[in-house]
Amino acid sequence: MDQRSKDTSLLLQIWRHGDRSPTSAMVGEKATEEFWTFGGGGYGELSPVGMKQHYKLGKKFYDRYADGNKFLSDTYKAKEIYVHCTDKNRTVVSAMSNLAGMYSRPKAQLGRDYPVAYEVTKEVTSQKCGRMAGVLHSDSDPHGVWSDRSCKWFRVQSKIKYKRPLIKDQRSFFQLGDPASKCPRQDDLWKLVQKTDDYKKANGEYTQQTLQYLRDAIGVDDKAITFENVYKIWDNMLIENIWYPDNVSEWYPYYTKEINEKVTTINDWGIDLVNGIMGDTKPKY
């Protein structure tokens, strides 16, 4: 921020969750759900790495906005900050980790800013989101169990309580921040995108040859792996290479470095199209 920061009345920060397990199995999956034990276990949960990523990000926010330009107080003030997240454990715990990085500070006072015993404090006063308040602390570590000194990462999801509206389709309710929410307008726009030259080029010979190679290697039909769902293979392989680097080549001998590069390229094209990056705004390929 520059000299104008003294006149700033509102700051908006938007971030995604940290490192996580795959959100579901891909075609030909070997690292099934029982392989993912962190963060409460199962698909789509935040890992300790993801928690620490957000803890560090929270520290940077504090250094800039509290210590730096004094936009925030040096201790938590409920009327100064509001945190909104989607209805997923990984996003809730990312927000908690971020706040822990911001407010697990020596200036925080025992009994005022955090409890004596281990506890997770969470206000859920809005049905659309969680209003996050408080951080994780222990009486043996007044700077918080999230501090670099203690590094006592543990599963906090079991302590989190939600207030969810009684509706059939949760995804349609928690729309803010979730690009996968139901949206008829988005569906209509995607149908238009599918008719563009950019889409046809991205889904052309280069892509189809790569997809057919994967189908043949895994033993599935054309519908199992398409231009629009190959991102799932890219996402899972990225994560499994991080968490099971010694197993990936044995599990997926067909998924060579060259194939990974091709799938990455195809996935990038798909992301561009989903975000409306086409025509003159799109890099040449």
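Helices here are DSSP runs of H or I with at least four residues, strands are runs of E with at least two, and both are numbered from the N terminus. Counted in this way, the protein has nine helices and two strands. Please keep in mind that what you see is a predicted model.

Starting from the N terminus, the elements follow the order α-α-β-β-α-α-α-α-α-α-α. The protein has 285 residues, and buried ones make up 39% of them. How many of the contacts between residues at least 6 apart in sequence join residues at least 24 apart? The share is 64%.

Let's look at the pair of helices that opens the chain's list of elements. Helix α1 covers residues 48–68 and helix α2 covers residues 89–103. Their axes lie 6 Å apart, and the two helices pack at an angle of about 45°. An angle under 35 degrees would count as roughly parallel and one from 65 to 115 as roughly perpendicular, and α1 and α2 are therefore oblique to each other. Their crossing is right-handed. On the α1 side, the contact is made by M51, H54, Y55, L57, G58, K59, F61 and Y62, while α2 brings V93, S94, S97, N98, A100, G101 and M102. Sorted by class, this contact of α1 with α2 holds eight nonpolar residues, six polar ones and one charged one.

S97 sits in helix α2, and its relative accessibility is 0%, so S97 counts as buried. Although S97 and G18 are 79 residues apart in sequence, their C-alpha atoms are 9.6 Å apart in space.

Now move to the loop between α1 and α2, where you will find K70. Is K70 buried or exposed? K70 counts as exposed because its relative accessibility is 58%. The backbone is worth a glance as well: K70 has a positive phi of about 60°, although K70 is not a glycine.

The largest nonpolar core has 27 residues, and L214, Y252 and Y255 have the most contacts inside it. Two or more residues of this core come from each of α5, α6 (205–218), α7 (231–243), α8 (248–251) and α9 (257–274). Which of these elements gives the most? The answer is α9, with five residues. Leaving aside residues up to four places away in sequence, Y252 touches M26, G28, E29, K30, A31, M237 and E240. There is also a second, separate core of eleven residues, with A66, L72, L99 and M102 among them.

With a relative accessible area of 3%, T210 is buried. Not counting residues up to four places away in sequence, T210 touches K262, V263 and I266.

Our last stop is T196, found in the loop between α4 (184–193) and α5 (197–202). Its relative accessibility is 22%; buried would require a value under 20%, so T196 counts as partly exposed. T196 and M278 are 82 residues apart in sequence, yet 8.9 Å separates them in space, C-alpha to C-alpha.

Methods
Residues are numbered from 1 along each chain as its sequence is written. This is a predicted model: local features need pLDDT of at least 70, side-chain atom pairs count only at pLDDT 80 or more; totals for chains, interfaces and linings use all residues. Side-chain values use heavy atoms; hydrogens and water are left out. Axes are lines fitted to C-alpha atoms, for helices over the stretch in contact, and angles run from 0 to 180 degrees between N-to-C directions. Angles under 35 degrees count as roughly parallel, over 145 as roughly antiparallel, 65 to 115 as roughly perpendicular and the rest as oblique. A crossing is left-handed if the near helix is turned anticlockwise from the far one by less than a right angle, and right-handed if clockwise. Contact means heavy atoms within 4.5 Å. Ala, Val, Leu, Ile, Met, Phe, Trp, Tyr, Cys and Pro count as nonpolar, Asp, Glu, Lys and Arg as charged, and the others, Gly among them, as polar. Buried means under 20% relative accessible area, exposed over 50%, partly exposed in between (1.4 Å probe, protein chains only). A nonpolar core is a set of buried Ala, Val, Leu, Ile, Met, Phe, Trp, Tyr and Cys residues joined through side-chain atoms within 4.5 Å.
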